[in-house]
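Me: Could you take a close look at one part of this model for me, the place where the two chains meet? I'd like a connected account, with the cut-offs spelled out.

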Number of protein chains: 2
Amino acid sequence: MATRWLTDDERVAWVRLAAVVELLPNVLDSQLRRDADLSHFEYFVLAMLSEEPERTLRMTSLASRTSATLPRLSHVVRRLEDRGLVRRFPCPEDGRATNAQLTEAGWQKVRDSAPGHVAHVRSQVIDALDADQVRQLTDITEAILGRIDPDGVVMAPQRNRTATDGDDARHAQRNG
Amino acid sequence: MATRWLTDDERVAWVRLAAVVELLPNVLDSQLRRDADLSHFEYFVLAMLSEEPERTLRMTSLASRTSATLPRLSHVVRRLEDRGLVRRFPCPEDGRATNAQLTEAGWQKVRDSAPGHVAHVRSQVIDALDADQVRQLTDITEAILGRIDPDGVVMAPQRNRTATDGDDARHAQRNG
């Protein structure tokens, strides 16, 4: 079957998206490492836990929410545990499962880090777009996720709620 | 100064973009590893060289085009060299500089891999979008790159031309 090469329009869009995908992780990591001594993934894990009841989640659920394999997540959570930001304990409802819980220090870390992180996300991404583009980006990324995440692991409603950096901190401020 | 938290619209767009950034590299890697025994970054390095005059580029230029640090690039190029896909030699114009050149086997590798790769990019990303969305995505990613890549390293015209998977192979077919 003949290959359907990309048209010029498609090619430009693809190259730019690939560049964003390549550069953005470092952009996010560098601010958080400098200001909060966290990688973006570590921040994401903490922010995720911060919104759960009792700030606790099973490791397997935390793995799917962060699109991480369980070994990768375990490695990161162990480091966060060493820093006193997270603790792990057997799940009371299922002794074979392990829960991860945000400690008080971890909660403070999320509260302290969120304003700087959201300011960075604004300056590097969101404030570059007008309101129409924000809505277009939502539709475009939803369409792409429909292909690359067909089971909706990262599009689950809970994930959408959880990953909202600003929202986390608003909760933190309300509750704190 | 008060933190400008993300609005609900912005939050959804951001969370989805972050999910795409998180998931897409694995999606690209897994197809290329399976079908071509290459990571996406390795493919990108080869594709980049394939469009240059004499299929040759200085390592420093190749590093900026791939947004890689020189140590990271050197590591990857060494592996590609071990596989006979690339060779390195001192730059004739500047003895302190090193050139990387695609070998004949590397050229074949790009030609053989491009159709499968572009079909994958179509099925996972581009074909999920209509023509309007492709143009919107171009404008949106250009605006974001204006922030996260202000020096235009990855937006340089040459880079845009070079990274066109399909175009590489069209060249390959024309020339081959």
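Reply: Happy to; here is a walk through the interface of chain B and chain A. This is a predicted model, where local features need pLDDT of at least 70 and side-chain atom pairs count only at pLDDT 80 or more, while totals for chains, interfaces and linings use all residues. Residues are numbered from 1 along each chain as its sequence is written, chains are lettered from A in the order written, and side-chain values use heavy atoms, without hydrogens and water.

The contact (heavy atoms within 4.5 Å) draws 68 residues from chain B and 67 residues from chain A. About 6,800 Å² is buried between them, 67% of it from carbon and sulfur atoms; buried area is the accessible area (1.4 Å probe) lost on being put together, summed over both parts. In chain B, Trp5(B), Trp14(B) and Arg16(B) lose the most area to chain A, together 13% of what that side buries.

Arg16(B) also forms a salt bridge with Glu142(A), at 3.0 Å from N to O. The interface has 8 salt bridges by the rule, namely a side-chain nitrogen of Lys or Arg within 4 Å of a carboxyl oxygen of Asp or Glu.

Chain B can be laid on chain A by a turn of 180° and a shift of 0.0 Å along the axis, with an RMSD of 0.0 Å (least squares on C-alpha atoms of residues with pLDDT of at least 70 in both). That is the relation of a two-fold axis. Val21(B) is the residue of chain B that comes closest to the rotation axis, at 2.5 Å (C-alpha). The same surface serves both copies, as 99% of the contact residues of chain B recur in chain A.

Key:
Buried area = accessible area lost by both parts, 1.4 Å probe.
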